[in-house]
Amino acid sequence: MKKSERIVADFIELVKDGRMEPGDKLPTHRDLAFEYQCSVGTASRAYAELERRGYCYGRVGQGTFVYGTPGDDAAVGRGAFFPEESWKEGASDLTDLSKNSYFHIETEDRLRDAAQRLLRRNEPDAYFFYSDSRGRPFDREVAARWLSSLIRYVETDNIILTQGAQSGLYLTMATLASPGETVATEAFGYPGIRAAAYELDLRIAPIAMDAEGMIPAAFEETCRRGKVRLLITVPTNHNPTGATQPLERREEIIGIARRHGVLIVEDSAYAPLHNRRIPAYYDLAPDITLYLATFSKVMSPALRLGYLIAPENLVPRLATKMTTINWMTSPIILDIANFLVQSGQVSAQADLLTEVCLRRERAARKILGPWLETPPTPDDSPLAHLWLRLPEGQEMSDFVSSARRENIIVVAGDTFAMHKTVAARHIRLCLMAEPHEGRVLRALERLATLLSQENSPIMVT
């Protein structure tokens, strides 16, 4: 029995035996994790399952309580919980809209074929030696060919191969910023930015956003208030908001960066699936821009490979730090990726994913249109994640819990806030990780029902 299942069973026994009564407060997630010697995540999963079954519910800022007092129906809603006969099905029948990954039925075959080809080569000597921390010359040549589909010109000597985009991001921040210095980024963003800044003792300055992404005037004001070392931005299909910066805005931000001596770090994780080509920051200002690319969306996050392109004068420092942190990226992974690029499978995969993603986004907008702020995207550049605005009267934590009781996993917007001062009233929904399109659409319809409730969400059973 998994530990989370044991917690659920123990708690149900306490309630049925009368040792816990309606209204009793449960331990905090952290205290429960300490008691059972498990992670806080395991404790949270146990509480979510208990909540789904109707044994407890959470009050924002107060804690989690045993369900069943006279006021609970008004607070939580009648019919809020799944009947006992559905427990087994519900536990394994989740629709996960929280993972920003891309499923396609052909991905497994592509990866298996690449791995088998690598084994048939039977050249073990190729993996017995250390190589240049930037990657072997051939690896960088293949990288340049693929990257040329994303940016105009790539010099192979300016490429450093990393163990994924997060590795490249950390490498850049560790090399180019010192403890105590300020890193600017969108007010909402990929949590890995915040995690790296915390680890490196860097300050984060959140920049206000609108429907077109980072607001240049807000960036300028931040630069005026104090020295900003780096600007980290996701200008294309921004995670989580979905905004794409237009060319004019990119040019304006570059001008501000030049005036204030700021280096731009451009995360292009979603660019391979965005065919409406707007010039990258690296195209517009290669002397002050570092460009990050990855296969995690277009192929698989299991291919821990990222490409970092930097101005020539920064490459030696980055390569030295790369040697210190990782020494080199695995040549085995590189050979698999090289085959996928050279055989055209990465490009073909992008086309397939774009087709599926477009269909899912269009359907999602029909269902959730009233609560979406980002306008529809062009047919060749769909969004795989949507930034859902909650109506007045609904709180993020309540909505996440309500969705979980419906067997739907979503992520609260404050997960992406780059600073505690950034207010959030959104939910991020990811459309591409769930293999079965019908389940995605059914989940979205159930979420629309929750959003339509004027007060606390009432579950649909």
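A pocket is an open set of points, on a 1 Å grid over the protein atoms alone, where a 1.4 Å probe fits, with protein on both sides within 12 Å along at least five of seven lines; lining residues have an atom within 4 Å of a point. In this predicted model, local features need pLDDT of at least 70 and side-chain atom pairs count only at pLDDT 80 or more, while totals for chains, interfaces and linings use all residues. Residues are numbered from 1 along each chain as its sequence is written, and side-chain values use heavy atoms, with hydrogens and water left out.

The second largest pocket holds about 310 Å³ of space, a volume being the space filled by probe spheres set on the points. Its lining comprises 15 residues, and those nearest the centre are Ala165, Tyr190, Ala269, Ser296 and Lys297.

Helices α7 (residues 137-147) and α14 (residues 331-342) have axes that come within 10 Å and cross at roughly 35°; axes are lines fitted to C-alpha atoms, for helices over the stretch in contact, and angles run from 0 to 180 degrees between N-to-C directions. The contact (heavy atoms within 4.5 Å) involves Phe138, Asp139, Val142, Arg145 and Trp146 of α7 and Leu334, Asp335, Asn338, Val341 and Gln342 of α14.

An open, antiparallel sheet is formed by three strands in the order β13-β16-β15, where two strands pair if DSSP finds at least two bridges between them. Helices (H or I, at least four residues) and strands (E, at least two) are DSSP runs, numbered from the N terminus. β13 (385-389) and β15 (411-412) are the edge strands. Helix α16 (residues 396-405) packs on the sheet and touches β15 and β16.
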